[in-house]
Amino acid sequence: MRILVTGGAGFIGSNFIRYILDGDRGIQVTNLDALTYAGNLENLQGVADHPGYRFVRGDICDFELVRELVQGMDAVVNLAAESHVDRSLVSATPFVQTNVMGTQNLLAAALEAKVPRFVQVSTDEVYGELPWFDPESPDPDAPRFTEETPLNPRSPYSATKAGADLLALSYHTTHQSDVIVTRCSNNYGPYQFPEKLIPLMVTNALEGRSLPVYGDGLNVRDWIHVSDHCRGLHLALENGSAGRVYNFGGNAERTNLQVVRAIASAVEISDELITFVEDRRGHDRRYAIDHSRAVKELGWEPLVGFEEGLESTVEWYRRHEGWWQRIRSGEYQQFYREMYGDGGRHRPPSP
Ligand code: NAD
Ligand code: TYD
């Protein structure tokens, strides 16, 4: 099997490629990645020389390139995206460009080349927010997102992801394209860019910096270890049904404050470093996933418990200080500019 993975130099993409290649699954991977601020080839060290792996630096918005790369592929797995909500509040244009236009390019090229399968990797954030429930007193009747929950995205990030999902599903309806959409809750684990909650707090804690919690810190997310997500993506790729949506969640609802306190404790620093800062605009209160369809139809379930996963993640960041220090200093971006030239379009939005 030959697959085109987009966004493979990012957090989930690099974990997914490692999962596929390390598992010796007889799959050949071409990784198309623009190496934006979030893309990092060091995330793929260890598989770079694998005979089943090829890297192409390029933009999913470049139709001619995408058209060439999909030739002979058995599937496209689209992970390329602008992925950070806070950045989408500053400038939404790159989100519309990559998440919507880029997905359209891939879908159109895959249709033209008759690629047999397309996996669109999406997020639970397309469903909007749920009413708040206290995760410390779990309520089995508290509502969760199912695949039938109407879409109600509330940030530019989630709006562009919802647009891409609908576009992908429309290709199934109108062109009978074999499209699958996966919607996953908040991931954490190795190689996550230190702008998202967990790696930001872990790296700040390791440096003794303050831990900036938005608002009252009671917003709830359902955390899933990236390895569980990658296994789900592989199962959806191999066994999913065309036109179907699959939710993946981690059975680990926590308030942000619970997460940050757990990180402070793991790093053995004082809770006093926790600082309450201005809330995010339009901050979704609660996400929670019902993933029973994935259990029933894909034989999937999350295997990594949150406490165990958080501990190993903190340990990973402890042992890979060079990796995140190089990101913080901008060293990678300078290196890629020297090595590949500067496309210029994908710099982070200016504040
Ligand atoms: P990330 O920001 O770490 O990585 C994104 C990757 O896409 C980077 O390598 C970047 O260089 C690349 N990219 C961006 N624009 C591109 C373009 N125009 N052409 C080619 N490559 C481009 O993101 P992530 O956290 O790994 O998320 C991957 C996917 O999973 C996204 O689609 C995201 O919406 C989805 N997702 C993420 C989470 C999460 O918790 N991180 C949860 C559910 C779904
Ligand atoms: P984030 O990792 O950005 O993921 P998402 O917004 O896609 O869920 O944020 C997770 C939660 O953590 C969210 O409720 C916002 C909150 N948060 C903070 O409180 N402080 C921070 O510095 C960041 C980045 C996030």
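The model is predicted, so local features need pLDDT of at least 70 and side-chain atom pairs count only at pLDDT 80 or more, while totals for chains, interfaces and linings use all residues. Residues are numbered from 1 along each chain as its sequence is written, chains are lettered from A and ligands numbered from 1 in the order in which they are written, and side-chain values use heavy atoms, with hydrogens and water left out.

**Aromatic rings**

- A pair of aromatic rings is described by the distance of the centres and the angle of the planes.
- The structure holds 12 aromatic pairs, where rings of Phe, Tyr and Trp (its six-membered ring) pair if their centres lie within 6.5 Å, and planes under 30 degrees apart count as stacked, over 60 as edge-to-face and the rest as tilted.
- One of them joins Tyr 191 and Trp 323 edge-to-face, with 5.8 Å from centre to centre and 85 degrees between the planes.
- Tyr 191 lies in the loop between β7 (186-188) and α6 (197-206) and Trp 323 in helix α11 (residues 321-329), so this pair ties together parts that are 132 residues apart in sequence; helices (H or I, at least four residues) and strands (E, at least two) are DSSP runs, numbered from the N terminus.
- Both partners are out of the solvent by the rule used here (buried is under 20% relative accessible area, exposed over 50%, partly exposed in between, with a 1.4 Å probe and protein chains only): Tyr 191 is buried at 14%, and Trp 323 is buried at 3%.
- Ring pairs also gather Tyr 191, Trp 316, Tyr 317 and Trp 323 into a cluster.

**Charges over rings**

- The charged end of Arg 25 sits over the ring of Tyr 19, 4.0 Å from its centre; the rule asks for NZ of Lys or CZ of Arg within 6 Å of the ring centre and within 35 degrees of the ring normal.
- Arg 87 likewise places its charged end over the ring of Tyr 37, at 3.5 Å from the centre.

- How many cavities of 30 Å³ or more does a search of the whole structure find? The search finds 1, a cavity being a set of points, on a 1 Å grid over the protein atoms alone, where a 1.4 Å probe fits but cannot get out.
- The largest cavity holds about 50 Å³ of space, its volume being the space filled by probe spheres set on the grid points, which are joined across faces, edges and corners.
- Its lining residues (those with an atom within 4 Å of a point) include Arg 154, Arg 221, Arg 280, Arg 281, Glu 125 and Asp 284.
- By class, the lining has 2 nonpolar, 3 polar and 6 charged residues.

**Cysteines**

- The count comes to 0 disulfides, with a disulfide taken as a pair of cysteine sulfur atoms within 2.5 Å.
- For Cys 230, the nearest cysteine sulfur is that of Cys 184, 9.1 Å away.
- Cys 230 is buried, at 1% relative accessible area, and Cys 61 also counts as buried, at 18%.

**Backbone and loops**

- Most residues other than glycine have a negative phi, and most peptide bonds are trans.
- Lys 114 has a positive phi of about 55 degrees; this residue is in the loop between α4 (93-112) and β5 (118-123) and is exposed, at 69%.
- Tyr 191, from the ring cluster, has a positive phi of about 70 degrees.
- Glu 82 is in the loop between β4 (75-78) and α3 (85-90) and is buried, at 5%.

Technical notes:
1 Å grid on protein atoms, 1.4 Å probe; cavity = no way out; pocket = protein on both sides within 12 Å on 5 of 7 lines; lining within 4 Å. Nonpolar A, V, L, I, M, F, W, Y, C, P; charged D, E, K, R; others polar.
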